[in-house]
Amino acid sequence: MDGKLRRQVLDTEVLPPRERFGTWLDMMASSPTPLRVHSAHAHDFVARAEFIELGRMRLIRYRYPSVDCVRTSKLIQRSDPDYYLLALTLTGTSQADQAGQRARCRPGDLTFYDCSRPHEVSHHADPAGPAYARSIVALMPYDALPLPRRRLAPLFAGRMSGSEGVGGLLADFLIRVTGHPEQYHAADAEQLGGIGLDLVATLLGRNLVSEEAVPTEIRRRALLAQVRSYVEQHLGDATLDPGRIADAHHISVRSLHRLFEDEETTVAAYIRDERLARCRRDLADPGLSDRSIQLIAARWGFRDKAHFSRAFRNAHAETPQAYRTRHLEPARIVNTTASAVNSARTYLKQG
């Protein structure tokens with residue numbers, strides 16, 4: 001089995017206070033897009049950066065005291081500037097200025113800019129909130145996005161919503177991957193990066209009010225990712241069906257079915273398979289052994305006991321009860337053995 005997706009971490013808290021800010025400055029100076037950084041907390045700069053490589057997309061999850069950053073023409077000349085940067089504000093208030101445009105972002109907002117042009121970025125912690133400002137940054141080379149650079153200029157240092165539509169899906173993707181990279185296989189890094197780039201391209205296209213600028217296949221993959229996310233969030237609703245999914249995404253049921261033609265499954269089969277996967281997980285969980293099979297099935301949208309049993313047998317060639325017994329028996333044996341050992345130790349101590 002391949003390894004899990006890993007992150008590289010710089011945490012200044014492990015350093016002596018006098019070395020913290022200098023180490024952070026060294027990291028920023030050696031990045032593909034170096035910045036000049038200023039902070040009122042330079043005397044004791046407790047900060048953390050987590051780097052994850054996803055093929056052509058690099059993700060960085062930051063936590064730092066309030067900072068003000070500048071990318072000057074001289075810094076651009078000394079580095080490889082052909083990158084776009086998209087940032088998601090998690091806590092605090094951030095501001096980006098570029099080419100006469102300015103975005104002031106609150107938690108949940110996204111902003112986007114061109115690293116080959118001078119810009120200023122500030123991110124301050126909320127005085128009434130957490131002591132640190134937090135953000136997630138996605139760094140992408142120009143040719144990773146299928147959009148002409150001149151078309152993107154109106155979006156530089158602009159604010160985009162990360163709480164709804166494609167922006168919400170992109171924000172969820174950034175938060176989930178950077179928050180729990182161990183849940184993914186290293187071999188999937190390229191594919192995950194492709195998903196992220198598709199979502200970024202689609203978001204930018206929609207904010208340009210020119211979705212046609214985004215290639216059809218990328219729009220299709222981004223819409224498919226939206227549909228899958230919607231299904232995952234509503235699996236417990238027994239009324240979930242193709243019609244409801246199509247309505248939620250403002251497309252026809254026929255278009256929804258066409259979307260799944262290349263996925264070697266149907267919409268209904270995808271919903272069923274996702275529900276069965278959640279049921280398998282719960283049936284094999286020792287912590288849920290006191291929960292009835294019917295309750296587990298209902299939790300994931302199977303309201304009819306007989307229908308659930310048939311679907312489960314057809315998919316796995318055994319009943320839900322047989323599956324549960326087969327997976328819980330090893331845990332029961334381990335627990336029984338541990339209990340017997342502990343009882344014997346107690347008896348010997350008493351003797």
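Predicted model: local features only at pLDDT ≥ 70, side-chain atom pairs only at ≥ 80, totals over all residues.
**View 1. The largest pocket holds about 1,100 Å³ of space.** On a 1 Å grid over the protein atoms alone, a pocket is an open set of points where a 1.4 Å probe fits, with protein on both sides within 12 Å along at least five of seven lines; lining residues have an atom within 4 Å of a point. The volume is the space filled by probe spheres set on the points. Of the 28 lining residues, R176, I195, A225, R228 and E232 sit closest to the centre. Residues are numbered from 1 along each chain as its sequence is written, and side-chain values use heavy atoms, leaving out hydrogens and water.

**View 2. Helix 4 (165-179) packs against helix 6 (216-233) at about 75°, with axes 10 Å apart.** So helix 4 is roughly perpendicular to helix 6 (65 to 115 degrees counts as that). Helices are DSSP runs of H or I, at least four residues, and strands are runs of E, at least two. Axes are lines fitted to C-alpha atoms over the stretch in contact, and angles run from 0 to 180 degrees between N-to-C directions.

**View 3. Five strands make an open antiparallel sheet, in the order 2-5-10-7-8.** Strands 2 (36-38) and 8 (101-105) are the edges. Pairing takes at least two DSSP bridges; strands 7 and 10 share 5.

Terms used. Parallel < 35°, antiparallel > 145°, perpendicular 65-115°, else oblique.
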